[in-house]
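This note sets out points on the structure for a colleague who has not examined it before. Please read the points alongside the sequence and the coordinates shown here.

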Amino acid sequence: MIAAKRGYSALALALASLAWAPTARAEREFPVIIQSDLALSYEVPCSVCHLKENTGAATARTPFALALKARDFTDGQSLGTALARLKSDDFDTDGDGVSDVAELKAGTDPNSAADASLIDAQEPGYGCGGSAPHGRSSGQAALGVAALAWLLTRRLRGRS
């Protein structure tokens with residue numbers, strides 16, 4: 001009986017820690033810098049630099065992001081300089097005859113020769129930085145809590 005109470009206490013503590021664990025905030029720094037430096041009327045979506053909705057720190061791997069990196073982009077301080085170099089080079093990542101900076105100003109994706117619109121583009125839901133930009137991600141937390149509860153219940157039953 002005491003072991004069961006300890007088990008349930010451990011389960012309650014684990015569930016509470018998952019429910020109250022702070023979620024990392026999304027970094028909106030880079031899209032805002034691009035918007036400001038190029039005087040855009042919209043915020044550039046993370047997908048301009050990140051592939052397959054993966055927005056972790058080391059996942060900026062689109063052709064546009066690589067073009068910025070080739071112009072010494074490493075952090076928020078160097079982004080403006082890299083954008084200026086990209087503009088002075090008149091660089092065209094997708095080869096459609098329109099420079100990357102001109103595409104961003106027109107609201108189209110510099111990675112796509114198809115002139116895909118960036119204005120009001122839907123983000124994957126967790127923004128730049130790899131976490132939920134508008135609070136906690138309840139779907140993943142609920143799945144984690146359910147998995148933990150199932151494992152602890154199995155363990156407690158095994159001890160009885």
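1. Q35 counts as partly exposed, because its relative accessibility is 22%; buried means under 20% relative accessible area, exposed over 50%, and partly exposed in between, with a 1.4 Å probe and protein chains only. Q35 lies in helix α2. Helices here are DSSP runs of H or I with at least four residues, strands are runs of E with at least two, and both are numbered from the N terminus. Not counting residues up to four places away in sequence, Q35 touches L40, S41, Y42 and E43, where contact means heavy atoms within 4.5 Å. The C-alpha atoms of Q35 and K105 are separated by 9.2 Å, although these residues stand 70 residues apart along the chain.

2. On the basis of the model: this is a predicted model, in which local features need pLDDT of at least 70 and side-chain atom pairs count only at pLDDT 80 or more, while totals for chains, interfaces and linings use all residues. Residues are numbered from 1 along each chain as its sequence is written, and side-chain values use heavy atoms, with hydrogens and water left out.

3. On the overall composition: the protein has 6 helices and 0 strands, and from the N terminus on its elements run α-α-α-α-α-α. Of the 160 residues in the protein, 32% are buried. The accessible surface comes to about 9900 Å², and carbon and sulfur atoms contribute 57% of that surface; accessible areas come from the Shrake-Rupley method with a 1.4 Å probe, and for residues only the protein chains shown count as cover. Among contacts in the protein with a separation of 6 or more, 48% are between residues 24 or more positions apart.

4. How are α3 and α4 packed against each other? Helix α3 (residues 63-70) and helix α4 (residues 76-89) pack at an angle of about 100 degrees, and their axes are 8 Å apart. That makes α3 roughly perpendicular to α4, since angles of 65 to 115 degrees count as roughly perpendicular, those under 35 as roughly parallel, those over 145 as roughly antiparallel and the rest as oblique. Axes are lines fitted to C-alpha atoms, for helices over the stretch in contact, and angles run from 0 to 180 degrees between N-to-C directions. In this contact, F64, A67 and L68 of α3 meet L79, A82, L83 and L86 of α4. The contact of α3 with α4 comprises 7 nonpolar, no polar and no charged residues; Ala, Val, Leu, Ile, Met, Phe, Trp, Tyr, Cys and Pro count as nonpolar, Asp, Glu, Lys and Arg as charged, and the others, Gly among them, as polar.

5. Helix α2 (residues 29-37) also packs with α4, at an angle of about 35 degrees and with the axes 10 Å apart. On the α2 side the contact is made by E29, F30, I33, I34 and D37, and on the α4 side by G76, L79, G80 and L83. By class, the contact of α2 with α4 has 5 nonpolar, 2 polar and 2 charged residues.

6. Is V101 buried or exposed? V101, which has its place in helix α5 (residues 100-106), is buried, because its relative accessible area is 5%. Leaving aside neighbours within four places in sequence, V101 is in contact with L38, L83, L86 and K87.

7. F91, in the loop between α4 and α5, counts as partly exposed at 30% relative accessibility, and beyond four places in sequence F91 is in contact with A67, R71, L86, S99 and D100. S112, in the loop between α5 and α6 (138-159), counts as buried at 18% relative accessibility; S112 touches D94, D96 and E103, residues up to four places away in sequence not being counted.

8. On backbone angles: most residues other than glycine have a negative phi. A39, in the loop between α2 and α3, has a positive phi of about 50 degrees although it is not a glycine, and A39 is exposed, with a relative accessible area of 67%. D72, in the loop between α3 and α4, is not a glycine either and has a positive phi of about 70 degrees.
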